[in-house]
Amino acid sequence: MMIKPFDTPITAARPALPPLEEFRCGLEGIWDRAWLTNNGPLVQQFRDNLIEFCGTKNLSLFVNGTLALQIALQGMGIKGDVITTPYTFVATTHALFWNNIRPIFVDIEPEYYSLDPAQVEAAITPWTSAILAVHVYGQPCRLKELDQIARKHGLKLLYDAAHAFGVEVDGTSIAQFGDMSMFSLHATKIFHSIEGGMLTFRDSEYQRLFDYLKNFGFENETEVVMPGTNGKMNEFQALMGLLLLGHMDEMIEKRRAINELYRERLALIPGIRLVAKPADTVRYNYAYMPVEVDEMEFGQTRDQLYLKLREYNVLARRYFYPLIPDFACYRGLVATGNLSVARRVASRILTLPIYSDLALNDVDRICDIIEYIQSGAGRGTAGVNWSQLSDPEVSIGAPQS
Ligand code: T4K
């Protein structure tokens with residue numbers, strides 16, 4: 001049996017959008033007020049609603065997640081070495097470098113791919129000032145262990161929670177763990193404000209500091225109290241976020257159903273390893289659909305499957321490959337421990353399409369295609385150009401169309 005490719009590309013992510021009429025209505029308000037940015041009324045409303053949603057009073061909004069993280073590191077006075085993960089989006093490391101902080105990469109644990117606490121503790125030196133951990137794919141890090149280590153050694157504990165909006169642990173928002181968490185509100189995320197970033201933090205002293213830093217350091221019209229930058233969210237972003245926030249439960253539920261169908265179908269395909277289910281204490285957000293491809297069992301490499309899927313118009317992604325210390329700009333510059341788990345995962349990982357509007361029929365068809373490819377029937381050449389493997393068009397971060 002032949003399987004037909006999708007007529008139009010099925011991308012790894014696709015932004016959720018509110019009804020156009022609602023957005024249009026909100027735009028009319030923006031037009032009437034002619035107030036577009038600089039802490040406008042929608043940004044203030046959005047912040048209030050997020051405070052309620054996250055159950056934390058300390059919260060600051062930004063134009064994007066990367067700048068939010070850079071500003072957090074700057075405002076919190078993090079210096080020297082920071083222990084972090086090599087298995088993340090490159091922005092995590094960039095934010096450290098932009099603050100002249102040296103990332104010390106340590107290995108991840110194999111269950112949910114977050115920092116391995118034992119490796120973290122072993123890497124602490126007198127120069128270590130903080131731990132920057134990532135809730136990869138929205139799965140919570142080893143919160144308790146990391147917290148204990150940070151307290152024991154007097155280190156700041158920072159979370160890159162870019163993927164983790166809406167996640168709860170024991171009924172508490174993930175935004176309430178650690179000294180600071182950064183959430184990305186980018187269009188490709190489960191919840192977004194087109195572009196956007198959010199910081200939540202324990203110490204309310206940081207609120208004023210972050211507000212200065214994202215607004216050029218202005219105290220008032222004539223006084224600048226510190227060298228700030230421009231990290232402000234605008235009204236259009238806030239409007240999108242406000243409209244989508246009301247649909248969080250619905251969006252998570254749709255993703256849960258998609259995740260469940262994938263899990264049911266993929267568990268039967270040899271060589272496809274599913275990531276462990278979230279712990280019972282976790283309310284997960286189903287942000288991504290990562291699988292590991294075991295070359296021996298599957299009969300093809302992860303990259304072969306990745307390219308083959310593209311022929312069927314299924315644009316899966318390899319989040320996160322290559323590892324950060326393997327990018328040209330970081331090679332040789334940073335200290336690394338033994339990263340064997342991270343290396344293995346990066347060489348096997350594939351993130352399959354997941355977004356709230358993805359039809360369950362399409363999920364079924366994606367699984368049929370993977371099954372077909374694995375069975376050998378779908379392994380014909382059918383236009384595959386294996387040299388594409390080194391083609392920047394198909395490398396991470398490149399535009400897909
Ligand atoms: N820390 C972590 C752990 C992160 O994952 C990220 C961002 C950050 C920090 C930084 O946060 P931000 O500064 O971005 O707020 C995408 C996102 O741009 C990025 O936000 C995200 N992580 C990263 C994992 O993914 P690309 O370069 O892979 O995106 P792109 O353009 O290839 O799009 C991905 C898929 O989404 C494609 O299949 C196409 C589809 N798409 C994309 C956009 C922009 C759409 O259907 N519509 C759209 O509007 O980085």
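Two strands count as paired if DSSP finds at least two bridges between them. Helices (H or I, at least four residues) and strands (E, at least two) are DSSP runs, numbered from the N terminus. The views below come from a predicted model, in which local features need pLDDT of at least 70, side-chain atom pairs count only at pLDDT 80 or more, and totals for chains, interfaces and linings use all residues. Residues are numbered from 1 along each chain as its sequence is written, and side-chain values use heavy atoms, with hydrogens and water left out.

**View 1. The sheet with β7 between β8 and β12.**
Strand β7 (residues 168-169) pairs with β8 in the antiparallel sense over 2 bridges. Look for Glu 168, which stands opposite Ser 173 of β8. The sheet is open, with 3 strands in the order β8-β7-β12 and antiparallel pairing. At its edges are β8 (172-173) and β12 (282-283), each pairing on one side only.

On a 1 Å grid over the protein atoms alone, a pocket is an open set of points where a 1.4 Å probe fits, with protein on both sides within 12 Å along at least five of seven lines; lining residues have an atom within 4 Å of a point. Of the 35 lining residues, Phe 89, His 186, Thr 188, Lys 189 and Tyr 319 are the closest to the pocket's centre. Two or more lining residues come from each of α3 (65-75), α4 (90-97), β9 (180-184) and β15 (349-352), and α3 gives the most, with 3.

**View 2. Helix α3 against helix α4.**
Here the axes (lines fitted to C-alpha atoms over the stretch in contact, with angles from 0 to 180 degrees between N-to-C directions) lie 9 Å apart, and the packing angle is about 35°. Contact means heavy atoms within 4.5 Å. On the α3 side, Thr 66, Leu 69, Gln 70 and Leu 73 take part, and they meet Ala 91, Thr 92, Ala 95 and Leu 96 of α4.

**View 3. Helix α1 across helix α8.**
The axes of α1 (residues 20-33) and α8 (residues 235-245) come within 10 Å and cross at roughly 145°. From α1, the contact residues include Phe 23, Leu 27, Ile 30 and Trp 31. Among their partners in α8 are Phe 236, Leu 239, Met 240 and Leu 243.
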